[in-house]
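Subject: Handing over a structure

Hi,

Here is the structure I promised to pass on to you. Have a look at it first, and then read on for what turned up.

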Amino acid sequence: MDFGTRLKELRKSKKLTQQQLGDIIHVSKVSISGYERGERNPDRETLTALADYFNVTTDYLLGRNQTPDWADKDDLIELDKILDSNVDMAYGGETLTDEERQRVKDILTGLFWEFRKEDKNKEK
């Protein structure tokens, strides 16, 4: 799914017009429309504002799927559920912020897929 489609779905899930979303993140309705149609791309600041508002990562907005092409149905895991259910995740005695938890999820997901790739290569 491309950035424009993802943005439109997120906007509609919040029942916002393009104008309302633009007002929230301080860009014009024309900009939001252009993003959704794939005619323009947001700058870094706008992309970050969108990710913060919708509580998603910029990678999610950009459609950067962490699931590799070689992964099959048996490779799916519920890592998100495990990590999301542990809202008081801590390291060194300090509770992680939402951003830090997201980073942990991203790192673990990347490591998981790297290990799975190695396992698949060994099977060949």
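Of the 124 residues of the protein chain, 29% count as buried, where buried means under 20% relative accessible area, exposed means over 50%, and partly exposed lies in between (1.4 Å probe, protein chains only). Please keep in mind that this is a predicted model, in which local features need pLDDT of at least 70 and side-chain atom pairs count only at pLDDT 80 or more, while totals for chains, interfaces and linings use all residues. Residues are numbered from 1 along each chain as its sequence is written, and side-chain values use heavy atoms, with hydrogens and water left out.

First, the overall layout. The protein chain has seven helices and two strands, and from the N terminus on the order is α-α-α-α-α-α-β-β-α. Helices (H or I, at least four residues) and strands (E, at least two) are DSSP runs, numbered from the N terminus. Among contacts (heavy atoms within 4.5 Å) between residues at least 6 apart in sequence, 55% join residues at least 24 apart.

Next, the charged pairs. How many salt bridges does a search of the whole structure find? There are four, a salt bridge being a side-chain nitrogen of Lys or Arg within 4 Å of a carboxyl oxygen of Asp or Glu. One of them joins the side chains of Arg11 and Glu36, at 2.5 Å from N to O. Arg11 lies in helix 1 (residues 3-13) and Glu36 in helix 3 (residues 29-37), so this pair ties together parts that are 25 residues apart in sequence. Both Arg11 and Glu36 are buried.

Another salt bridge links the side chains of Glu39 and Arg37, again with an N to O distance of 2.5 Å. Here Glu39 is exposed at 55% relative accessibility, and Arg37 is exposed at 52%. A further salt bridge pairs Arg101 with Asp98, whose closest N and O atoms are 2.6 Å apart. These two are three residues apart in helix 7 (residues 98-123), a separation of about one helical turn. Arg101 is buried at 15% relative accessibility, whereas Asp98 is exposed at 52%.

Helix 2 (residues 18-25) is worth a look too. Its residues Gln18, Leu21, Gly22 and Ile25 are buried. Seen down the axis of helix 2, the buried residues fall within an arc of 100 degrees (taken from the directions from the helix axis to the C-beta atoms), so they line one face of the helix. They pack against helix 1, helix 3 and helix 4 (44-54). His26 follows helix 2 and has a positive phi, near 65 degrees.

Arg6 sits in helix 1. Arg6 is buried yet has no salt bridge, and the nearest side chain of opposite charge, Glu9, is 6.9 Å away; for charge, Lys and Arg count as positive and Asp and Glu as negative, while His and the chain ends are not counted. Leaving aside neighbours within four places in sequence, Arg6 is in contact with Met1, Tyr60, Leu61 and Gly63. Arg64 is in the loop between helix 5 (58-61) and helix 6 (79-85), and is exposed at 56% relative accessibility. Arg64 and Met1 are 63 residues apart in sequence, with their C-alpha atoms 9.0 Å apart in space.

Best wishes
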